Amino acid sequence: IGTGGRGNFIAKLFQAHGGFEIHAGADYFQDRLDTFGKNFGVPAERLFPTLSGYKKLIESGVEAVAIESPPYFHPEQAAAAVAAGLHVYVAKPIAVDVPGCLSIAESGRAAGAAGKVFLVDFQTRAVDCYTTALSRVREGALGDFCFGESIYHAGFPFATQSEALAKDPGNAELKLRAWGVSRELSGDIITEQNIHTLDVMSWIMDAEPVSACGTGGHKVRQDPGNCRDHFACLYKYPDGVGINFSSRQFNAHGTQPEGIRNRMFGSKGVLETKYGGNVLIRGEDSMKPMSTPAIYKVGVQNNIKTFHESIMAGKVDNPTVAPSVRSNLVSVLGRLAADRGGEVTWSEMIQKADMVEYDFAGLKA
């Protein structure tokens, strides 16, 4: 479900694994479906366009679905797939708001109860360097946590779609193609992209933050969307541990550091991680640098392997769901803090549970 660039990339890896047959595709856009059908030998009668095409895919005889649509759609599509008795593989982020996150949590529980696998595709949680380092952290390699840093500094990944939308900003279909610059469809950059580093932060802390305060804005990019191009937040965790988070999605003219990086300072050592770089621990119980240059692909391959093994073995504890829900909620908390320009507590966010709504006028249902 979702046959754009990421959908084709994922489908190729499912096909290469050898344990899956690509049976059908669903996407709003016919041109994407035509390319998908050609790439994977899927006949036209099993290629389903429009917003509701995913429902026909679910009814087409599939046993599992991979959900690679814009994040706004993930909760609804995952719930429908679980209700139909399918195994579910869903991309991050899982949702754009609190109700969506809670819906995914419920879908994960319902899938397990029905004997089905539900896996969320975070690459960092599926590669040895990160899992080894985090095991060492759990064993006390850092001692007591003091404070941390979490960044995602990068360029603008949706320039092509944004430029097309700028020429016709009222075009509903161009807005959907440019979903990455829609706060409603993507969750803003803090959820759509920055969630990678916030997931590592959440993994390190293994707890919900008490609160977050923050700012953000759209000051550099000249695009027609309503997403911010930067965030700066302070996440407050139990025991007085604070983690500074910042992100940008614009040209910073070669300044360093950039990329997806985390540091956690403790009484005995320091953890350093970089997506696509080195993961290491400095200090009394050090860990030599382990490289992650192919994490983008290898992490997905490992998750697909786990998905297949879990299905074949009937292993339906679905351990990726709860931590993924928490990480997604962490991103929402930061966005709400930036909206306020001040502090928002975790409990306040959950209690208010504001839902994001998108206007689908002009699109084919």
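Which residue forms a salt bridge with Lys-236? In this predicted model, the partner is Glu-343, and the closest N and O atoms are 3.3 Å apart. Lys-236 sits in strand β8, residues 230-237, and Glu-343 in strand β14, residues 343-345, so this is a link between distant parts of the chain, 107 residues apart. Lys-236 is partly exposed at 34% relative accessibility, and Glu-343 is partly exposed at 39%.

The structure has 21 salt bridges. I will go through a few others.

Arg-136 pairs with Asp-285, with the closest N and O atoms 3.1 Å apart. Asp-285 has a relative accessible area of 37%, which is partly exposed.

There is also a network of salt bridges, linking Arg-183, Asp-188, Arg-228 and Asp-339.

Next, Arg-6. This residue forms a salt bridge with Asp-121, at 3.4 Å between the closest N and O atoms. Because Arg-6 is in helix α1 and Asp-121 in strand β5, the pair ties together parts 115 residues apart in sequence. Asp-121 is buried, at 1% relative accessibility, whereas Arg-6 is partly exposed, at 25%.

The axes of α1, residues 5-17, and α12, residues 295-313, come within 10 Å and cross at roughly 55°. That angle makes α1 oblique to α12, and the crossing is right-handed. Arg-6 is one of the α1 residues in the contact, together with Phe-9 and Ile-10 among others; the α12 side includes Tyr-296, Val-300 and Ile-304. By class, the contact has 8 nonpolar, 3 polar and 3 charged residues.

Conventions: Residues numbered from 1 in each chain as written. Predicted model: local features only at pLDDT ≥ 70, side-chain atom pairs only at ≥ 80, totals over all residues. Heavy atoms only, no water. Axes fitted to C-alpha atoms, helices over the stretch in contact; angles between N-to-C directions. Helix = DSSP H or I, 4+ residues; strand = E, 2+ residues; numbered from the N terminus. Parallel < 35°, antiparallel > 145°, perpendicular 65-115°, else oblique. Left-handed = near helix turned anticlockwise from the far one by under 90°. Contact = heavy atoms within 4.5 Å. Nonpolar A, V, L, I, M, F, W, Y, C, P; charged D, E, K, R; others polar. Salt bridge = Lys/Arg side-chain N within 4 Å of Asp/Glu carboxyl O. Buried < 20%, exposed > 50% of the residue type's maximum accessible area, 1.4 Å probe, protein only.
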